[in-house]
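Here are my notes for you, in the order I would read the model. Have a look at the structure first, then work through the points.

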Amino acid sequence: MQIHIPSLLNSDSYKLGHEKQYSPDIESITAYYTHRGNTLNKEDGRIIFYGMRWIYESFLSVPITMADIEEADAYLAHHGVAATPYEYPRDLFLKIVNENQGYWPVTIRTLRDGQCVHAGIPCFTITAQAPYQGLTTYLETALMRCWSPTVTATKSRYIRDVISTYFDKTVDPEFHFLLDSRFHDFGSRGTSSAETAMVTGSAHLLSFDGTDTMSAGWLATRWNNGVGVGQSVVATEHSVMTTWSSELDAILNLIKISPEGAILSVVADSYDYLRFLKEILPQVVEPVRAKNQFFVVRPDSGDPTQAVLNGLYYLEQAFGVTKNACGYKVINGAGIIQGDGLELNTVEDIVRAVYQAGYSAQCVAYGMGGGLLQKQNRDTLKVAIKVCEIKLPNGIVRPIMKRPTGDISKVSLPGNFCVEFKEGISTDNLVVTPHTHGNSEDLLELIWDCGPTTYEFDTFSEVRALAKQSWQHCDRFCDPLSEAMKDKLALIQETLNK
(Lines give C-alpha, C1' and ligand atoms only; values in the text may rest on other atoms or scores of the structure.)
Protein backbone atom coordinates (compact mmCIF):
# COMPACT_ATOMS: atom_id res chain seq x y z
CA MET A 1 0.00 0.00 0.00
CA GLN A 2 1.35 3.43 -0.93
CA ILE A 3 1.31 5.80 2.01
CA HIS A 4 -0.42 9.13 1.38
CA ILE A 5 0.16 11.85 3.95
CA PRO A 6 -3.02 13.92 4.34
CA SER A 7 -2.04 17.44 3.25
CA LEU A 8 -3.58 19.07 6.28
CA LEU A 9 -1.34 16.97 8.56
CA ASN A 10 1.79 18.05 6.69
CA SER A 11 2.55 20.65 9.34
CA ASP A 12 3.53 20.95 13.01
CA SER A 13 1.05 20.00 15.72
CA TYR A 14 1.19 23.34 17.50
CA LYS A 15 0.10 25.17 14.36
CA LEU A 16 -3.33 23.55 14.61
CA GLY A 17 -4.10 25.92 17.48
CA HIS A 18 -2.81 29.10 15.88
CA GLU A 19 -5.97 29.85 13.92
CA LYS A 20 -7.69 30.89 17.17
CA GLN A 21 -4.57 32.54 18.59
CA TYR A 22 -4.35 35.18 15.88
CA SER A 23 -6.33 38.36 16.47
CA PRO A 24 -9.81 38.15 14.88
CA ASP A 25 -9.20 41.63 13.49
CA ILE A 26 -6.59 40.44 11.00
CA GLU A 27 -7.83 40.38 7.41
CA SER A 28 -4.68 38.95 5.82
CA ILE A 29 -1.17 37.76 6.71
CA THR A 30 1.89 37.77 4.46
CA ALA A 31 5.13 35.93 5.19
CA TYR A 32 8.34 35.33 3.26
CA TYR A 33 11.07 32.69 2.93
CA THR A 34 14.75 33.63 3.09
CA HIS A 35 18.25 32.41 3.97
CA ARG A 36 19.71 34.25 6.96
CA GLY A 37 23.27 33.06 6.37
CA ASN A 38 25.54 30.61 4.56
CA THR A 39 27.73 28.20 6.51
CA LEU A 40 28.91 26.29 3.44
CA ASN A 41 31.61 28.70 2.34
CA LYS A 42 33.09 31.61 4.27
CA GLU A 43 34.64 33.00 1.09
CA ASP A 44 31.52 32.96 -1.08
CA GLY A 45 28.00 33.89 -0.01
CA ARG A 46 26.14 32.95 -3.20
CA ILE A 47 23.19 30.54 -2.98
CA ILE A 48 21.28 28.70 -5.73
CA PHE A 49 17.58 28.78 -4.83
CA TYR A 50 15.88 25.58 -6.01
CA GLY A 51 12.90 23.37 -5.16
CA MET A 52 9.68 25.30 -5.76
CA ARG A 53 8.55 23.18 -8.69
CA TRP A 54 8.74 20.09 -6.51
CA ILE A 55 6.73 21.77 -3.75
CA TYR A 56 4.18 22.88 -6.33
CA GLU A 57 3.74 19.42 -7.82
CA SER A 58 3.98 17.30 -4.67
CA PHE A 59 2.11 19.52 -2.22
CA LEU A 60 0.38 22.66 -3.47
CA SER A 61 -1.34 21.07 -6.45
CA VAL A 62 -2.59 18.03 -4.50
CA PRO A 63 -6.10 18.96 -3.24
CA ILE A 64 -7.30 18.26 0.29
CA THR A 65 -10.09 15.66 0.23
CA MET A 66 -12.78 14.45 2.63
CA ALA A 67 -10.67 11.33 3.08
CA ASP A 68 -7.85 13.58 4.34
CA ILE A 69 -10.18 15.20 6.86
CA GLU A 70 -11.39 11.81 8.04
CA GLU A 71 -7.78 10.68 8.45
CA ALA A 72 -7.10 13.81 10.48
CA ASP A 73 -10.19 13.19 12.62
CA ALA A 74 -9.01 9.68 13.44
CA TYR A 75 -5.46 10.72 14.26
CA LEU A 76 -6.19 13.89 16.22
CA ALA A 77 -8.67 12.02 18.40
CA HIS A 78 -5.60 10.44 19.99
CA HIS A 79 -3.04 13.21 19.53
CA GLY A 80 -3.58 16.11 21.84
CA VAL A 81 -2.70 18.05 24.96
CA ALA A 82 -2.82 16.48 28.43
CA ALA A 83 -4.62 13.40 27.07
CA THR A 84 -7.29 15.64 25.52
CA PRO A 85 -7.97 15.33 21.77
CA TYR A 86 -6.38 18.14 19.77
CA GLU A 87 -8.96 20.70 18.73
CA TYR A 88 -8.35 21.82 15.17
CA PRO A 89 -10.19 24.09 12.71
CA ARG A 90 -12.09 21.27 11.01
CA ASP A 91 -14.76 23.60 9.63
CA LEU A 92 -12.07 25.66 7.93
CA PHE A 93 -10.66 22.63 6.13
CA LEU A 94 -14.19 21.53 5.18
CA LYS A 95 -14.73 24.98 3.69
CA ILE A 96 -11.57 24.54 1.58
CA VAL A 97 -12.81 21.17 0.29
CA ASN A 98 -16.36 22.34 -0.41
CA GLU A 99 -15.72 25.86 -1.71
CA ASN A 100 -12.21 25.78 -3.21
CA GLN A 101 -12.01 22.25 -4.67
CA GLY A 102 -9.59 21.33 -1.89
CA TYR A 103 -6.91 23.78 -3.09
CA TRP A 104 -5.05 25.84 -0.51
CA PRO A 105 -6.64 29.35 -0.57
CA VAL A 106 -3.34 31.24 -0.48
CA THR A 107 -1.27 33.33 -2.87
CA ILE A 108 2.38 32.49 -3.53
CA ARG A 109 4.95 34.55 -5.41
CA THR A 110 8.42 33.15 -5.99
CA LEU A 111 11.77 33.58 -7.66
CA ARG A 112 12.49 31.07 -10.40
CA ASP A 113 14.23 27.80 -9.61
CA GLY A 114 17.95 28.18 -10.32
CA GLN A 115 18.14 31.86 -9.35
CA CYS A 116 21.35 32.88 -7.57
CA VAL A 117 20.67 34.91 -4.41
CA HIS A 118 22.50 36.14 -1.34
CA ALA A 119 21.43 35.70 2.28
CA GLY A 120 18.65 38.12 3.12
CA ILE A 121 16.89 38.02 -0.26
CA PRO A 122 13.23 36.87 -0.01
CA CYS A 123 12.80 33.87 -2.34
CA PHE A 124 9.04 33.53 -2.05
CA THR A 125 6.09 35.08 -0.25
CA ILE A 126 2.80 33.57 0.89
CA THR A 127 -0.40 35.50 1.63
CA ALA A 128 -3.75 34.28 2.98
CA GLN A 129 -6.96 36.29 3.33
CA ALA A 130 -9.65 35.93 6.00
CA PRO A 131 -11.08 33.53 6.98
CA TYR A 132 -7.97 31.58 6.00
CA GLN A 133 -5.36 34.06 7.24
CA GLY A 134 -3.84 31.51 9.64
CA LEU A 135 -2.84 29.30 6.70
CA THR A 136 0.08 31.60 5.91
CA THR A 137 2.06 30.18 8.80
CA TYR A 138 0.31 26.80 8.87
CA LEU A 139 1.89 26.00 5.49
CA GLU A 140 5.34 27.11 6.65
CA THR A 141 6.47 23.55 7.47
CA ALA A 142 5.81 22.10 4.02
CA LEU A 143 6.88 25.13 2.00
CA MET A 144 10.17 25.54 3.84
CA ARG A 145 11.45 22.15 2.70
CA CYS A 146 12.99 23.58 -0.43
CA TRP A 147 15.94 24.35 1.87
CA SER A 148 17.47 20.91 1.21
CA PRO A 149 17.61 20.96 -2.62
CA THR A 150 18.81 24.56 -2.32
CA VAL A 151 21.75 23.45 -0.15
CA THR A 152 22.70 20.66 -2.58
CA ALA A 153 22.38 22.94 -5.62
CA THR A 154 24.70 25.42 -3.94
CA LYS A 155 27.15 22.77 -2.78
CA SER A 156 27.52 21.28 -6.27
CA ARG A 157 28.04 24.73 -7.76
CA TYR A 158 30.84 25.47 -5.28
CA ILE A 159 32.52 22.18 -6.20
CA ARG A 160 32.17 22.95 -9.89
CA ASP A 161 33.95 26.26 -9.29
CA VAL A 162 36.82 24.49 -7.51
CA ILE A 163 37.34 21.90 -10.24
CA SER A 164 36.81 24.48 -13.00
CA THR A 165 39.64 26.64 -11.64
CA TYR A 166 42.11 23.82 -12.26
CA PHE A 167 40.50 22.83 -15.56
CA ASP A 168 41.30 26.32 -16.80
CA LYS A 169 44.94 25.83 -15.79
CA THR A 170 45.58 22.24 -16.85
CA VAL A 171 43.05 21.09 -19.47
CA ASP A 172 43.20 21.90 -23.15
CA PRO A 173 40.10 23.87 -24.27
CA GLU A 174 38.79 21.09 -26.53
CA PHE A 175 38.43 18.85 -23.45
CA HIS A 176 36.70 21.33 -21.15
CA PHE A 177 33.41 19.53 -21.84
CA LEU A 178 34.72 16.80 -19.49
CA LEU A 179 34.09 19.13 -16.55
CA ASP A 180 30.40 18.18 -16.66
CA SER A 181 31.29 14.60 -15.68
CA ARG A 182 33.98 15.30 -13.06
CA PHE A 183 31.63 15.22 -10.04
CA HIS A 184 29.27 12.30 -9.54
CA ASP A 185 26.26 11.76 -7.26
CA PHE A 186 26.63 8.55 -5.21
CA GLY A 187 24.11 9.68 -2.60
CA SER A 188 20.86 7.76 -3.10
CA ARG A 189 21.47 5.10 -0.45
CA GLY A 190 22.79 7.72 1.96
CA THR A 191 19.55 9.69 2.16
CA SER A 192 16.70 9.28 4.61
CA SER A 193 14.04 8.82 1.93
CA ALA A 194 13.46 8.18 -1.75
CA GLU A 195 11.99 11.66 -2.05
CA THR A 196 15.12 13.25 -0.59
CA ALA A 197 17.32 11.32 -3.02
CA MET A 198 15.17 12.35 -5.97
CA VAL A 199 14.75 16.05 -5.23
CA THR A 200 18.19 16.86 -3.81
CA GLY A 201 19.75 14.62 -6.46
CA SER A 202 18.10 16.70 -9.18
CA ALA A 203 19.61 19.81 -7.57
CA HIS A 204 23.09 18.35 -8.13
CA LEU A 205 22.25 17.95 -11.81
CA LEU A 206 22.03 21.73 -12.19
CA SER A 207 25.83 21.75 -12.22
CA PHE A 208 26.94 18.28 -13.37
CA ASP A 209 25.79 15.36 -15.53
CA GLY A 210 27.15 12.50 -13.42
CA THR A 211 24.68 10.64 -11.23
CA ASP A 212 23.85 7.17 -10.00
CA THR A 213 20.65 8.44 -8.36
CA MET A 214 18.32 7.25 -11.09
CA SER A 215 15.23 8.83 -9.54
CA ALA A 216 16.91 12.23 -9.72
CA GLY A 217 17.77 11.80 -13.38
CA TRP A 218 14.23 10.61 -14.05
CA LEU A 219 12.72 13.67 -12.35
CA ALA A 220 15.03 16.08 -14.16
CA THR A 221 14.26 14.36 -17.49
CA ARG A 222 10.53 14.59 -16.76
CA TRP A 223 10.95 18.31 -16.09
CA ASN A 224 12.94 18.58 -19.33
CA ASN A 225 10.07 17.43 -21.55
CA GLY A 226 11.64 14.00 -21.94
CA VAL A 227 15.09 15.22 -23.01
CA GLY A 228 17.51 13.08 -21.00
CA VAL A 229 19.39 14.46 -18.01
CA GLY A 230 22.13 12.58 -16.14
CA GLN A 231 24.77 10.03 -17.14
CA SER A 232 26.55 7.11 -15.48
CA VAL A 233 29.14 4.43 -16.38
CA VAL A 234 29.66 0.66 -16.16
CA ALA A 235 30.99 0.05 -12.65
CA THR A 236 31.82 -2.74 -10.22
CA GLU A 237 31.29 -2.89 -6.47
CA HIS A 238 32.99 -4.89 -3.74
CA SER A 239 30.46 -7.74 -3.96
CA VAL A 240 31.34 -8.20 -7.63
CA MET A 241 35.08 -8.12 -7.03
CA THR A 242 35.10 -10.47 -4.03
CA THR A 243 32.85 -13.19 -5.46
CA TRP A 244 35.31 -13.95 -8.24
CA SER A 245 38.37 -16.11 -7.56
CA SER A 246 40.54 -13.04 -8.20
CA GLU A 247 40.12 -9.35 -8.89
CA LEU A 248 41.79 -9.83 -12.26
CA ASP A 249 39.19 -12.39 -13.30
CA ALA A 250 36.43 -9.97 -12.31
CA ILE A 251 37.98 -7.23 -14.42
CA LEU A 252 38.56 -9.45 -17.46
CA ASN A 253 34.91 -10.48 -17.31
CA LEU A 254 33.86 -6.84 -17.09
CA ILE A 255 35.93 -5.99 -20.15
CA LYS A 256 34.44 -8.90 -22.03
CA ILE A 257 30.78 -8.16 -21.30
CA SER A 258 31.04 -4.37 -21.78
CA PRO A 259 30.68 -2.75 -25.21
CA GLU A 260 33.52 -1.20 -27.14
CA GLY A 261 34.28 2.35 -26.08
CA ALA A 262 32.65 1.91 -22.66
CA ILE A 263 33.87 3.67 -19.53
CA LEU A 264 34.69 1.02 -16.89
CA SER A 265 34.91 2.03 -13.23
CA VAL A 266 36.56 -0.64 -11.05
CA VAL A 267 36.70 -0.53 -7.26
CA ALA A 268 40.30 -1.28 -6.35
CA ASP A 269 40.56 -1.75 -2.58
CA SER A 270 38.66 -4.98 -1.90
CA TYR A 271 41.89 -6.43 -0.47
CA ASP A 272 45.02 -4.38 -1.01
CA TYR A 273 44.85 -1.14 -2.98
CA LEU A 274 48.60 -0.78 -3.60
CA ARG A 275 48.90 -4.42 -4.70
CA PHE A 276 46.01 -3.81 -7.12
CA LEU A 277 47.83 -0.81 -8.58
CA LYS A 278 51.22 -2.48 -8.82
CA GLU A 279 50.30 -6.01 -9.93
CA ILE A 280 46.82 -6.12 -11.43
CA LEU A 281 46.66 -2.80 -13.26
CA PRO A 282 49.44 -3.61 -15.77
CA GLN A 283 47.60 -6.80 -16.76
CA VAL A 284 44.42 -5.04 -17.87
CA VAL A 285 45.99 -2.47 -20.19
CA GLU A 286 46.01 -4.55 -23.37
CA PRO A 287 42.50 -6.09 -22.95
CA VAL A 288 41.09 -2.59 -22.31
CA ARG A 289 42.84 -1.11 -25.32
CA ALA A 290 41.73 -3.97 -27.52
CA LYS A 291 38.12 -2.80 -26.99
CA ASN A 292 38.93 0.91 -26.96
CA GLN A 293 37.53 1.20 -23.44
CA PHE A 294 38.37 3.81 -20.81
CA PHE A 295 39.54 2.34 -17.48
CA VAL A 296 38.82 4.15 -14.21
CA VAL A 297 40.30 3.09 -10.87
CA ARG A 298 38.13 3.72 -7.81
CA PRO A 299 39.76 3.66 -4.35
CA ASP A 300 37.27 3.42 -1.50
CA SER A 301 39.35 3.66 1.67
CA GLY A 302 42.43 5.33 3.12
CA ASP A 303 43.49 8.95 2.86
CA PRO A 304 41.56 10.38 -0.12
CA THR A 305 44.35 12.62 -1.42
CA GLN A 306 47.08 10.01 -1.13
CA ALA A 307 44.87 7.36 -2.70
CA VAL A 308 44.41 9.58 -5.77
CA LEU A 309 48.11 10.40 -6.05
CA ASN A 310 49.04 6.73 -5.75
CA GLY A 311 46.50 5.83 -8.39
CA LEU A 312 47.78 8.45 -10.82
CA TYR A 313 51.37 7.35 -10.38
CA TYR A 314 50.67 3.69 -11.10
CA LEU A 315 48.20 4.49 -13.89
CA GLU A 316 51.00 6.46 -15.52
CA GLN A 317 53.32 3.46 -15.22
CA ALA A 318 50.75 1.09 -16.71
CA PHE A 319 48.96 3.18 -19.34
CA GLY A 320 51.50 5.91 -20.01
CA VAL A 321 50.84 9.64 -20.28
CA THR A 322 50.78 12.40 -22.88
CA LYS A 323 51.63 16.00 -22.04
CA ASN A 324 48.90 18.33 -23.23
CA ALA A 325 49.28 21.84 -24.61
CA CYS A 326 48.99 23.23 -21.08
CA GLY A 327 52.06 21.20 -20.08
CA TYR A 328 50.26 18.71 -17.79
CA LYS A 329 50.20 14.93 -17.91
CA VAL A 330 47.08 13.16 -19.22
CA ILE A 331 46.77 9.40 -18.57
CA ASN A 332 46.34 7.53 -21.87
CA GLY A 333 42.89 5.93 -21.85
CA ALA A 334 42.50 5.77 -18.07
CA GLY A 335 41.75 7.84 -14.98
CA ILE A 336 40.69 7.69 -11.36
CA ILE A 337 37.57 8.57 -9.36
CA GLN A 338 37.65 9.31 -5.64
CA GLY A 339 34.29 8.84 -4.00
CA ASP A 340 35.09 8.08 -0.37
CA GLY A 341 34.77 10.55 2.48
CA LEU A 342 34.67 13.73 0.42
CA GLU A 343 33.63 17.21 1.50
CA LEU A 344 34.02 20.55 -0.28
CA ASN A 345 37.40 21.14 1.38
CA THR A 346 38.74 17.64 0.62
CA VAL A 347 37.83 17.99 -3.05
CA GLU A 348 39.80 21.21 -3.11
CA ASP A 349 42.76 19.51 -1.37
CA ILE A 350 42.81 16.71 -3.96
CA VAL A 351 42.45 18.99 -6.99
CA ARG A 352 45.34 21.11 -5.73
CA ALA A 353 47.54 18.06 -5.02
CA VAL A 354 46.87 16.67 -8.51
CA TYR A 355 47.85 20.03 -9.99
CA GLN A 356 51.05 20.17 -7.94
CA ALA A 357 51.93 16.62 -9.04
CA GLY A 358 51.82 17.75 -12.66
CA TYR A 359 48.67 15.95 -13.78
CA SER A 360 45.79 17.47 -15.71
CA ALA A 361 42.56 17.93 -13.76
CA GLN A 362 40.74 15.89 -16.42
CA CYS A 363 42.44 12.72 -15.07
CA VAL A 364 40.41 12.73 -11.85
CA ALA A 365 36.69 12.57 -11.15
CA TYR A 366 35.01 12.86 -7.76
CA GLY A 367 31.97 11.24 -6.21
CA MET A 368 30.01 12.16 -3.11
CA GLY A 369 27.22 10.31 -1.34
CA GLY A 370 25.51 11.38 1.87
CA GLY A 371 27.81 14.39 2.03
CA LEU A 372 26.14 15.73 -1.10
CA LEU A 373 22.48 14.89 -0.54
CA GLN A 374 22.05 14.30 3.19
CA LYS A 375 24.77 15.90 5.34
CA GLN A 376 22.97 19.22 5.77
CA ASN A 377 20.13 20.77 7.70
CA ARG A 378 17.97 23.86 7.77
CA ASP A 379 20.68 25.80 9.60
CA THR A 380 23.22 25.18 6.81
CA LEU A 381 21.70 28.22 5.09
CA LYS A 382 19.83 29.43 8.20
CA VAL A 383 16.45 29.18 6.45
CA ALA A 384 13.38 30.87 7.91
CA ILE A 385 9.85 31.93 7.00
CA LYS A 386 8.71 35.10 8.79
CA VAL A 387 5.55 37.21 8.80
CA CYS A 388 6.22 40.64 7.28
CA GLU A 389 2.79 42.26 6.97
CA ILE A 390 -0.80 42.09 8.18
CA LYS A 391 -3.90 43.94 6.99
CA LEU A 392 -6.71 45.04 9.29
CA PRO A 393 -10.43 45.44 8.47
CA ASN A 394 -10.20 49.25 8.46
CA GLY A 395 -7.75 49.10 5.57
CA ILE A 396 -4.69 49.73 7.70
CA VAL A 397 -1.60 47.83 6.57
CA ARG A 398 0.78 47.06 9.39
CA PRO A 399 4.38 46.01 8.71
CA ILE A 400 5.60 43.24 11.04
CA MET A 401 9.21 42.97 12.13
CA LYS A 402 11.04 40.50 14.36
CA ARG A 403 14.09 41.97 16.09
CA PRO A 404 15.47 39.78 18.91
CA THR A 405 18.17 41.55 20.92
CA GLY A 406 19.87 38.21 21.51
CA ASP A 407 20.57 37.53 17.81
CA ILE A 408 20.60 40.43 15.38
CA SER A 409 20.96 37.98 12.44
CA LYS A 410 17.31 37.00 12.98
CA VAL A 411 15.91 40.45 12.22
CA SER A 412 13.12 40.11 9.67
CA LEU A 413 11.96 42.41 6.88
CA PRO A 414 8.82 44.52 7.46
CA GLY A 415 6.05 45.31 5.02
CA ASN A 416 5.40 44.74 1.35
CA PHE A 417 8.46 44.54 -0.89
CA CYS A 418 9.85 43.66 -4.30
CA VAL A 419 12.97 41.77 -5.32
CA GLU A 420 14.81 43.48 -8.15
CA PHE A 421 18.19 43.59 -9.84
CA LYS A 422 20.52 45.99 -8.07
CA GLU A 423 20.81 49.24 -9.99
CA GLY A 424 24.03 50.94 -10.96
CA ILE A 425 26.20 47.83 -11.28
CA SER A 426 27.02 45.49 -14.15
CA THR A 427 26.28 42.26 -12.27
CA ASP A 428 22.98 40.47 -11.61
CA ASN A 429 22.91 40.93 -7.84
CA LEU A 430 19.43 41.10 -6.34
CA VAL A 431 18.14 43.51 -3.72
CA VAL A 432 14.94 43.72 -1.73
CA THR A 433 13.23 47.09 -1.74
CA PRO A 434 9.88 48.44 -0.45
CA HIS A 435 7.02 48.02 -2.89
CA THR A 436 6.02 51.29 -4.51
CA HIS A 437 4.33 52.21 -7.77
CA GLY A 438 7.78 53.24 -9.00
CA ASN A 439 9.20 49.73 -8.77
CA SER A 440 10.44 48.25 -12.02
CA GLU A 441 10.12 44.51 -12.51
CA ASP A 442 9.43 42.43 -9.41
CA LEU A 443 11.21 39.08 -9.78
CA LEU A 444 8.73 37.43 -7.40
CA GLU A 445 6.26 35.84 -9.85
CA LEU A 446 2.75 34.60 -9.07
CA ILE A 447 2.62 30.78 -9.26
CA TRP A 448 -0.39 30.06 -7.02
CA ASP A 449 -3.56 32.10 -6.49
CA CYS A 450 -5.93 29.99 -4.38
CA GLY A 451 -5.27 27.34 -7.01
CA PRO A 452 -3.20 26.74 -10.15
CA THR A 453 -2.38 29.76 -12.34
CA THR A 454 -1.14 30.12 -15.91
CA TYR A 455 2.46 30.24 -14.66
CA GLU A 456 4.77 27.90 -16.55
CA PHE A 457 7.81 26.42 -14.84
CA ASP A 458 11.06 26.44 -16.78
CA THR A 459 12.34 23.22 -18.29
CA PHE A 460 15.25 21.65 -16.46
CA SER A 461 17.63 22.86 -19.17
CA GLU A 462 16.35 26.41 -18.65
CA VAL A 463 16.81 26.10 -14.89
CA ARG A 464 20.36 24.87 -15.49
CA ALA A 465 21.03 27.85 -17.75
CA LEU A 466 19.66 30.30 -15.18
CA ALA A 467 21.75 28.73 -12.41
CA LYS A 468 24.90 29.03 -14.51
CA GLN A 469 24.23 32.55 -15.78
CA SER A 470 23.03 34.07 -12.51
CA TRP A 471 25.86 32.44 -10.51
CA GLN A 472 28.50 33.77 -12.89
CA HIS A 473 27.01 37.26 -12.91
CA CYS A 474 26.56 37.63 -9.14
CA ASP A 475 29.24 38.94 -6.82
CA ARG A 476 30.44 36.57 -4.11
CA PHE A 477 28.97 38.90 -1.53
CA CYS A 478 26.36 41.62 -1.87
CA ASP A 479 24.30 43.78 0.47
CA PRO A 480 20.73 42.49 -0.11
CA LEU A 481 18.99 45.67 1.08
CA SER A 482 18.26 48.69 -1.06
CA GLU A 483 18.81 52.11 0.50
CA ALA A 484 15.03 52.55 0.69
CA MET A 485 14.69 49.27 2.60
CA LYS A 486 17.45 50.32 5.01
CA ASP A 487 15.58 53.57 5.66
CA LYS A 488 12.37 51.65 6.26
CA LEU A 489 14.06 49.26 8.69
CA ALA A 490 15.54 52.17 10.64
CA LEU A 491 12.19 53.94 10.83
CA ILE A 492 10.31 50.87 12.06
CA GLN A 493 13.08 50.00 14.50
CA GLU A 494 12.82 53.47 15.95
CA THR A 495 9.08 52.97 16.39
CA LEU A 496 9.63 49.62 18.12
CA ASN A 497 12.13 51.16 20.54
CA LYS A 498 9.56 53.68 21.83
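1. Helices (H or I, at least four residues) and strands (E, at least two) are DSSP runs, numbered from the N terminus.

2. Keep in mind that this is a predicted model, where local features need pLDDT of at least 70, side-chain atom pairs count only at pLDDT 80 or more, and totals for chains, interfaces and linings use all residues. Residues are numbered from 1 along each chain as its sequence is written, and side-chain values use heavy atoms, with hydrogens and water left out.

3. Let's take a helix pair. H11 (residues 247–257) and H12 (residues 273–290) pack at about 25°, and their axes are 10 Å apart.

4. Who touches whom here? From H11 come Glu247, Leu248, Ile251, Leu252 and Ile255, and they meet Arg275, Phe276, Ile280, Gln283, Val284, Pro287 and Val288 of H12. Contact means heavy atoms within 4.5 Å. Sorted by class, this contact has 9 nonpolar, 1 polar and 2 charged residues. For the classes, Ala, Val, Leu, Ile, Met, Phe, Trp, Tyr, Cys and Pro count as nonpolar, Asp, Glu, Lys and Arg as charged, and the others, Gly among them, as polar.

5. Now the sheet. It is open, with 6 antiparallel strands in the order E17-E16-E1-E7-E5-E20. Two strands pair if DSSP finds at least two bridges between them. At the edges sit E17 (397–399) and E20 (445–449), each pairing on one side only. Neighbouring strands are turned by 20° against each other on average, direction ignored. Helix H2 (residues 52–60) packs on this sheet and touches E5 (106–110), E7 and E20; its direction makes about 10° with that of E20.

6. Zoom in on E1 (residues 28–35). 8 bridges join E1 to E16 (residues 383–391), with Tyr32 partnered by Lys386. Another 6 bridges join E1 to E7 (residues 124–129), where Ala31 pairs with Ile126 and Tyr33 stands opposite Phe124.

Definitions and conventions
Axes fitted to C-alpha atoms, helices over the stretch in contact; angles between N-to-C directions.
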